[in-house]
Each structure stands twice: as C-alpha cells, then as structure tokens.
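Biologist: I am new to reading protein models. Could you walk me through one, feature by feature?

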Amino acid sequence: PNGPVHEQINQNAAGAVARWSIFEGNRVTHEVQGQKFLAQASEEKRQQMEEDLFRDWQRARDRLAGLTEEEIINKESVDKKSRLAKMVYESYSLGRVAFLEVQAANLGLLQEQVQSVKTEVDILTQLAILSSLTNEVSP
C-alpha cells in the first residue's frame with residue numbers, strides 16, 4: 001500500500017536557461033575592443049610600410065637618374081684624358097716634355113677610368129635596389 005505507484009506521467013513544460021558569470025564583467029567587450037585596436041594598428045603599420053617603400057623607390061630612382069648623368073660626364077672626361085695622355089706621349093716622343101709628365105697624364109687617365117667604373121657599379125647597385133623594391137611591391 002505505501003509503495004511506489006507505477007503510473008506514466010507526461011509533463012508538458014519547456015524552459016530556457018541562461019548563465020552569465022558575475023565575474024566576467026565586460027571581458028568580451030574589452031577583448032573585442034582590443035582586437036579592433038590591433039586591427040587598426042596593423043593597418044597603420046601596413047600604410048607606413050607602403051609609404052616607406054614608395055619613398056625608398058623614389059629615392060633610388062632619383063639617385064639612378066643622377067648617376068646616369070654622372071656616367072655621361074665621366075665618359076667624356078675619360079675621352080678627354082685619353083686624348084691628353086696620347087698628346088703628352090707624342091710630345092715626349094718628340095722630346096718636348098719629360099717622362100714624368102707622361103706618367104702624370106697616364107695617372108690622370110687611370111683615375112678617371114676608376115671613377116667611371118665606380119659610377120657604373122653604383123648604377124648597377126641602384127638598379128638592383130629598384131628591382132628589389134619593385135619585387136616587394138608586386139611579387
């Protein structure tokens with residue numbers, strides 16, 4: 001008589017449970033704000049790098065233009081020094097000047113040739129820099 005009752009009971013009820021820890025505070029809001037700041041900082045860094053890259057490219061291009069002009073001047077100077085060295089040697093052959101003057105003319109020619117080659121190396125360096133910067137812009 002006082003035992004369990006074997007009856008089938010249908011309970012028709014629905015409910016929802018929501019949990020929010022009181023210790024969370026505004027953690028999610030702060031994390032979202034932090035991610036926004038990180039994104040903004042990344043964008044500003046990208047823009048700064050783009051500006052730096054463009055500035056470096058312009059600088060290399062301007063230096064290359066200057067070196068190209070310098071190369072033209074150096075070649076003209078080498079030609080003049082070469083003609084001068086030949087004339088001094090001819091004068092030496094005729095006995096008009098000392099051998100020391102021939103050596104001085106040859107030294108001047110050599111110095112101009114070295115300067116011309118240095119300028120050519122600088123041009124090649126600038127071309128390599130421009131190529132590198134161009135590849136960084138569009139790989």
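Modeller: Start with the ground rules. This is a predicted model, so local features need pLDDT of at least 70, side-chain atom pairs count only at pLDDT 80 or more, and totals for chains, interfaces and linings use all residues. Residues are numbered from 1 along each chain as its sequence is written, and side-chain values use heavy atoms, with hydrogens and water left out.

Biologist: How many helices and strands does the protein have?

Modeller: Helices (H or I, at least four residues) and strands (E, at least two) are DSSP runs, numbered from the N terminus. Here the count is two helices and zero strands.

Biologist: What does the radius of gyration say about the protein?

Modeller: The radius of gyration is taken over C-alpha atoms, and the globule rule is 2.2 Å times the number of residues to the power 0.38. For 139 residues, a compact globule would come out near 14 Å. This protein has 41 Å. Now look at the box. Along the principal axes, the C-alpha atoms fill roughly 150 × 30 × 25 Å.

Biologist: What share of the residues is buried?

Modeller: Buried means under 20% relative accessible area, exposed means over 50%, and partly exposed is in between (1.4 Å probe, protein chains only). Of the 139 residues, 14% count as buried.

Biologist: How should I read contacts?

Modeller: Contact means heavy atoms within 4.5 Å.

Biologist: Which residues form the largest nonpolar core?

Modeller: First, the idea. A nonpolar core is a set of buried Ala, Val, Leu, Ile, Met, Phe, Trp, Tyr and Cys residues joined through side-chain atoms within 4.5 Å. The largest one has six residues: Val-78, Ala-85, Val-88, Val-102, Ala-105 and Leu-109. Helices α1 (27-93) and α2 (99-137) each supply at least two residues of this core. A second, separate core has five residues, including Leu-64, Leu-67, Ile-123 and Leu-130.

Biologist: What does Val-88 touch?

Modeller: Leave out residues up to four places away in sequence. Then Val-88 touches Val-97, Glu-101, Val-102 and Ala-105.

Biologist: Is Ile-123 buried or exposed?

Modeller: Ile-123 is at 10% relative accessibility, so this residue counts as buried. Ile-123 is also found in helix α2. Not counting residues up to four places away in sequence, Ile-123 touches Leu-64, Leu-67, Thr-68 and Glu-71. Ile-123 and Asp-56 are 67 residues apart in sequence and 16 Å apart in space, C-alpha to C-alpha.

Biologist: Why does Val-117 count as partly exposed?

Modeller: Val-117 counts as partly exposed because its relative accessibility is 47%. Val-117 lies in helix α2. From Val-117 to Ser-93 there are 24 residues in sequence and 30 Å in space, C-alpha to C-alpha.

Biologist: And what about Ile-129?

Modeller: Ile-129 belongs to helix α2. At 36% relative accessibility, Ile-129 counts as partly exposed. Ile-129 and Gln-8 are 121 residues apart along the chain, and their C-alpha atoms are separated by 86 Å.
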